[in-house]
Amino acid sequence: MPLRTIPPLNADLEAARQVLKTEADALTLAAEGLDGRFTQAVDLLYAAKGRVIVSGIGKSGHVARKIAATLASTGTPAQYVHPGEASHGDLGMVTEADAVLVLSNSGESRELSDLLVHAKRNGIRLIAMTAREDSTLATHADCVLVLPNAPEACPMGLAPTTSTTLMLALGDGLAVALMGRRGFSKDDFRVLHPGGSLGQALLRVGDIMHSGAGLPLAGANALMSDVLITMSSKGFGTAGVTDHDGKLVGIITDGDLRRHMSPGLTAQTAAAVMTRSPATISPAALVAEAVHIMNAGPKRITCLFVTEAQRPIGIIHIHDCLRAGTK
């Protein structure tokens, strides 16, 4: 068996660059060719009372799975349905409340026929994503997103490369447009992405703060003998001091105790010992902002009181932030 000649490294790089250029040119064509049909597709998907059912076979099926996942994670309920499985019972997943998005470069994949018939029979809106506007799929669709006439990046022009990149990008375009229609916010994104670095980066102070009976609070006129008990029992090593209106006016820390250490400490009032105008934070602030406040300045602090209208509603410790994965 003859040995194959290994091409030089620069040939590999040139092949990769050609692929990227070919696909980039195709994406530019797609962007320039967008028209009212794209808006119509967004209208149909937005109007669906159920889910967006995304389907395709082969490489188009792999892209369809990713589009369904992107839609679902950005506020549009979506599900991938394999066309082969659809023909064997999974058509029951596709209801009249749904909209169907079908991907097929040729628009002639036989495996899609049962799904198309089911959609037409039940009046389910069908959006096609295909390169052939005269295909069977396009003919039966309520809206057609036509891929531009661009060559595959494969040197033989056979392997799905450019076409699948175009489908993936158009799917992203639909998802982002729907995000705008729905007013999908960072808070919504955090709810759907509670795990991993994305969820951690968008975590709010109110999600991890201690509140209620766990708050170490004392009135301004409370004796330090009582304040010391509060500081010890609540476990934060600090106490917030409130005025007669319940507003936070100061904080007592271990440092304050050291500065006022004397035989008469326990007979003093909280107001006489406290540090006035302590740093606070809103429950809506990101946990990352709380960490920044605690680490800022020459003297790092370990606790922050959480306030609304100057009234303490919670407390957050640096260890809470670390446990949440925020640094």
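Guide: The areas themselves come from the Shrake-Rupley method with a 1.4 Å probe, and for residues only the protein chains shown count as cover. Please keep in mind that this is a predicted model, in which local features need pLDDT of at least 70 and side-chain atom pairs count only at pLDDT 80 or more, while totals for chains, interfaces and linings use all residues. Residues are numbered from 1 along each chain as its sequence is written, and side-chain values use heavy atoms, with hydrogens and water left out.

Now to the pockets. The search runs on a 1 Å grid over the protein atoms alone: a pocket is an open set of points with protein on both sides within 12 Å along at least five of seven lines, whereas a cavity is a set where a 1.4 Å probe fits but cannot get out; lining residues have an atom within 4 Å of a point. Points are joined across faces, edges and corners, and a volume is the space filled by probe spheres set on them.

The largest pocket holds about 510 Å³ of space. Its lining counts 25 residues, and I251, T253, K299, R300 and I301 are the ones nearest its centre. Two or more lining residues come from each of β8 (248-253), α12 (254-259), β9 (275-276) and β11 (303-308). These element names are DSSP runs numbered from the N terminus, with helices being H or I of at least four residues and strands being E of at least two. Helix α12 contributes the most to this lining, five residues. By class, the lining has ten nonpolar, eight polar and seven charged residues; here Ala, Val, Leu, Ile, Met, Phe, Trp, Tyr, Cys and Pro count as nonpolar, Asp, Glu, Lys and Arg as charged, and the others, Gly among them, as polar.

Let us look into two of those elements. G255 sits in helix α12 and, at 15% relative accessibility, counts as buried. Its C-alpha is 9.6 Å from that of T275, which is 20 residues away along the chain.

E308 belongs to strand β11 and is partly exposed, at 45% relative accessible area. Setting aside neighbours within four places in sequence, E308 is in contact (heavy atoms within 4.5 Å) with P283 and I313.

A309 is exposed, with a relative accessible area of 60%, and it has a positive phi of about 50 degrees although it is not a glycine. Q310 lies in the loop between β11 and β12 too, and its phi, near 70 degrees, is likewise positive in a residue other than glycine.

For comparison, the second largest pocket has a volume of about 170 Å³. Its lining includes L29, D35, F38, V144 and L170, and the elements giving two or more residues are α1 (9-33), α2 (36-47) and β5 (143-146). That lining has nine nonpolar, one polar and two charged residues. V144 also touches T130, a residue of strand β4 (residues 125-130). T130 is buried, because its relative accessibility is 0%.

The chain has 15 helices and twelve strands. Its radius of gyration is 30 Å, well over the 20 Å that the globule rule gives for 327 residues, so the chain is more spread out than a compact globule; that radius is taken over C-alpha atoms, and the rule is 2.2 Å times the number of residues to the power 0.38. Along the principal axes, the C-alpha atoms fill a box of roughly 90 × 55 × 40 Å. Buried residues make up 40% of the 327, and the accessible surface comes to about 17400 Å², with 57% of it belonging to carbon and sulfur atoms. Of the contacts with a separation of 6 or more, 65% join residues 24 or more positions apart.

Conventions. Buried means under 20% relative accessible area, exposed over 50%, partly exposed in between (1.4 Å probe, protein chains only).
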